[in-house]
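I opened this entry to look up pockets and cavities. I wanted their volumes and their linings.

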Amino acid sequence: MQRPEHLPDFTDPPLDEVVLGVQFAPVPSYASVYAMEIWKLFKDEFPKVLEQPILEPQFETFGGLNVQTGPKIQFGSAPVGSRLWFLSSDENHLLQFQPDRFLTNWRRQPNPQPYPRYEGIAASFLESLKKLEAHFAERFAYKIDINQAEIGYINIIPVDDFSEASDWFRMWNGAHLNTEALNASFNEVITDQGGKPIARLRHDLQSVFSPDGKSKAFRLSITYKGKPAGSNLASALEFISGGREAIVERFDEITTETAHKIWGKQA
């Protein structure tokens, strides 16, 4: 994979976490007893395991009430068991698996590491998906049927005071308010060339404190979710890559030139 030349680039972006993921029709005949087989596929690179609550199915819908804010819609049987985290030795990389979901995360914490760039994360995720797909085909005679895909970037921007919002974000238009806390969000509907909605781009901005309460920061999360054009791996990665472009371009548009200089924006 190569980085598109038109995308804005930063030498030191404030990225704290990146997540890529797919949701698919639940695997028939899967039971929790098979979880060990899944872990064995990735154990060499992800030797640690944690168990997490299962995620409910999510579907981006358009033209009416968004399913995420109204009644849940379930297609097929619900996933069973729990969600498993497979972590790398340094815990900066993880895979998440449940019978209808597979995700990968890169996290700057707990062990600070340079951002490995989207191309590396996506290539590794694709290889992991191929392993999972081959296992499903052999063990369950099941072909992955992807119905949603997503990508999210979470940025942590340290500040001395929350009144500095206009120094970092264009939407404040230079207003310096005596801000005690900040919580803002908005969504965009992304359409294809024919005007058909294909994804939803979510922006969430919050004022946050460090665990000890001594440091302040803005947490900017931008996520891109929707249904790929096809149900296979290639379509999902194409959708996710398109989401990456939308996120990076929007991040560049809503942040200030002053911030760009600090993050090392490349001309």
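The model is a predicted one.

Second largest pocket. With that term set, I looked up which elements line it: β8 and α4 (233–254) each supply at least two residues. α4 gives the most, with three residues. I noted a volume of about 350 Å³. The lining has 14 residues, and P197, I198, K227, P228 and A229 are the closest to the centre. By class I found six nonpolar, three polar and five charged residues.

Largest pocket. Here I read a volume of about 450 Å³. Of its 26 lining residues, V19, L55, L103, E150 and K225 lie closest to the centre. Elements that give two or more residues include β1 (15–24), β6 (146–159) and β9 (216–226). The classes are seven nonpolar, eight polar and 11 charged.

Cavities. I counted two cavities of 30 Å³ or more. The largest cavity has a volume of about 170 Å³. Among its 15 lining residues, F10, P13, L15, Y153 and V248 are the closest to the centre. α4 provides the largest share of this lining, three residues. I logged nine nonpolar, one polar and five charged residues there.

The second largest cavity comes to about 90 Å³. Its lining includes R101, Q148, E150 and K225. β1 and β6 each give two or more residues to that lining, and β6 has the largest share, three residues. By class I read two nonpolar, three polar and four charged.

Notes. Residues are numbered from 1 along each chain as its sequence is written. This is a predicted model: local features need pLDDT of at least 70, side-chain atom pairs count only at pLDDT 80 or more; totals for chains, interfaces and linings use all residues. Side-chain values use heavy atoms; hydrogens and water are left out. On a 1 Å grid over the protein atoms alone, a cavity is a set of points where a 1.4 Å probe fits but cannot get out, and a pocket is an open set with protein on both sides within 12 Å along at least five of seven lines; lining residues have an atom within 4 Å of a point. Grid points are joined across faces, edges and corners, and a volume is the space filled by probe spheres set on the points. Helices (H or I, at least four residues) and strands (E, at least two) are DSSP runs, numbered from the N terminus. Ala, Val, Leu, Ile, Met, Phe, Trp, Tyr, Cys and Pro count as nonpolar, Asp, Glu, Lys and Arg as charged, and the others, Gly among them, as polar.
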